[in-house]
Amino acid sequence: MTYLRDVGALARKDLLLELRARDTLPAMLLFIAATFVIFHFVLPGEPTRLETSGLLWIAILFTALLGLGRAFVPEREQRTMDGLVLAPCDRSAIWLAKSIATLAFLVAAEVVALPLYALFFHSVGWTTVAAVALADLGICGVGTFLGAMAVATRARDLLLPLLFLPLALPIVVGAVGATVGPPVVSSPGRYLAFLALYDLLFAVICWASFEYVVAE
Amino acid sequence: MSSPSSPAAATIPAVGRTSRIPPPALAVASLVLVTTALAFVFFVAPDDANQGFSQRIFYFHVSIAFTAYACFIAGAWQALRHLWKRDPRADLASYVCIHQGLIFGTLVLLTGSIWARISWGHWWLWSEDELVLFLVLYLFYCAYFMLRFSVDPGPQRANLSAVYALFGVVLIPVSFAAIRLAKTFVHPEVFHLDGPAFGGWILVTYCITQVALLVLAYTLYRLEIGGKRLDLRLRRLREALA
């Protein structure tokens with residue numbers, strides 16, 4: 001219970017900071033909307049559902065990267081990371097809280113982005129919404145973990161996309177498979193199950209090894 | 001450079017029995033095994049019924065691929081030893097294993113591309129699971145080097161590298177499953193290779209090539225880690241003298 005309280009307090013701190021400063025979320029919203037407009041001109045004419053599904057996932061992935069890159073940068077800049085590490089709570093609570101906060105930003109961006117996608121390109125089905133929800137968990141869990149790693153390096157957030165994209169390949173495969181749906185993909189459920197498995201597997205690894213990322 | 005009698009080795013405890021084999025003996029063993037493997041591949045193994053002479057690259061391509069996997073897994077194992085047992089030598093060992101893995105990984109991409117060009121007329125085929133998987137792993141491990149070299153040497157660099165190396169071994173099966181899944185929408189038609197039955201001289205040649213490449217990889221690993229340790233000792237001595 002104490003663990004959950006710690007996670008709640010840390011996540012609330014990030015959400016409160018965002019509410020007051022409004023740094024990340026407006027940037028993510030603008031970015032995803034601008035990306036859709038660019039995509040319209042990248043694929044002139046009437047793009048197929050297969051093509052726009054891919055574009056949707058590129059937009060989501062890069063928007064997430066925008067948010068993930070910001071997750072740990074203020075902690076380093078304001079030197080609060082040492083305080084967090086020294087706080088009398090389990091270190092994995094820092095990862096979980098940051099993941100929850102980033103997830104909240106990403107979901108907020110997608111609440112606007114998915115209707116926009118439906119308006120500009122094709123309608124969004126329930127399997128796509130499920131895929132977005134499951135992929136978000138994986139993206140935020142693994143991405144936050146790698147964000148903490150990247151911020152400890154000299155290259156800072158420059159390194160995050162390099163570390164993250166190869167690890168995001170399974171998410172992209174699962175998410176695109178579920179979004180494309182019939183007739184190209186006969187059983188989107190398999191892709192959703194794959195995404196859930198990925199989330200579970202990497203959540204356990206991140207939770208268990210976060211200690212080594214922040215502590216020396 | 002790291003022979004048991006030298007004073008350098010006296011302060012660093014041996015990891016296991018295999019590390020007592022001197023590098024020159026390993027080098028000779030590699031030379032003999034690789035020469036035997038080449039002789040078997042070119043003179044003993046029969047021509048493939050469909051692809052003819054060019055199929056012989058299979059012996060190298062597959063053996064190199066398994067050797068690269070072995071290097072990545074060994075790297076992750078050393079990373080685990082670093083995180084778990086805090087073995088001071090495990091970090092360098094993990095790095096050298098992954099470095100060797102990346103070298104063999106490059107060879108997998110090259111030999112795979114050559115084979116694909118000769119057999120199917122394309123330098124790159126997305127329907128080849130092994131090739132796509134290696135490309136993903138290649139990018140992943142290139143990022144490992146970016147990560148490692150943008151952190152100053154010390155406990156934090158060792159920790160970050162170790163954790164990322166562990167992610168790699170989890171990524172291998174997960175990516176493989178993902179690439180298999182992706183075929184249904186990227187490539188509806190899976191390429192079927194109707195090769196000959198895997199047995200007889202083909203199996204013998206393959207086994208010899210596999211053993212030769214594993215020994216070669218181990219020899220290279222020993223040489224590189226020997227050099228790296230010597231370099232580290234030299235730097236420490238210089239710091240002590242300064």
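Trainee: What percentage of the 242 residues in chain B is made up of buried residues?

Mentor: Buried residues make up 35% of them. A residue is called buried if 20 or more other C-beta atoms, placed from the backbone, lie within 10 Å of its own; 12 or fewer makes it exposed, and anything in between partly exposed. Keep in mind that this is a predicted model, where local features need pLDDT of at least 70 and side-chain atom pairs count only at pLDDT 80 or more, while totals for chains, interfaces and linings use all residues. Residues are numbered from 1 along each chain as its sequence is written, and chains are lettered from A in the order in which they are written.

Trainee: Why does Phe58(B) count as buried?

Mentor: Phe58(B) has 22 C-beta neighbours inside 10 Å, and the cut-off is 20 or more, so Phe58(B) is buried. You will find Phe58(B) in helix H3 (residues 57–85) of chain B.

Trainee: How many helices and strands does chain B have?

Mentor: Chain B has seven helices and zero strands. Helices here are DSSP runs of H or I with at least four residues, strands are runs of E with at least two, and both are numbered from the N terminus.

Trainee: Let's turn to chain A. What makes H6(A) roughly perpendicular to H9(A)?

Mentor: Helix H6 (residues 92–120) of chain A and helix H9 (residues 188–214) of chain A pack at an angle of about 110°, with their axes 8 Å apart. Roughly perpendicular covers 65 to 115 degrees, whereas under 35 is roughly parallel, over 145 roughly antiparallel and the rest oblique. The angle of about 110° falls in the range 65 to 115, so H6(A) is roughly perpendicular to H9(A).

Trainee: Which residues of H6(A) and H9(A) meet?

Mentor: From H6(A), Ser92(A), Ile94(A) and Trp95(A) meet Cys206(A), Trp207(A), Phe210(A), Glu211(A) and Val214(A) of H9(A). Being in contact means that the C-beta atoms of two residues, placed from the backbone, lie within 7 Å. By class, this contact has six nonpolar, one polar and one charged residues. Nonpolar covers Ala, Val, Leu, Ile, Met, Phe, Trp, Tyr, Cys and Pro; charged covers Asp, Glu, Lys and Arg; the others, Gly among them, are polar.

Trainee: How many residues does the contact take from chain A and from chain B?

Mentor: The contact takes 27 residues from chain A and 28 residues from chain B. On the chain A side, the largest share, 11 residues, comes from H8(A). That side divides into 21 nonpolar, four polar and two charged residues.

Key: Axes are lines fitted to C-alpha atoms, for helices over the stretch in contact, and angles run from 0 to 180 degrees between N-to-C directions.
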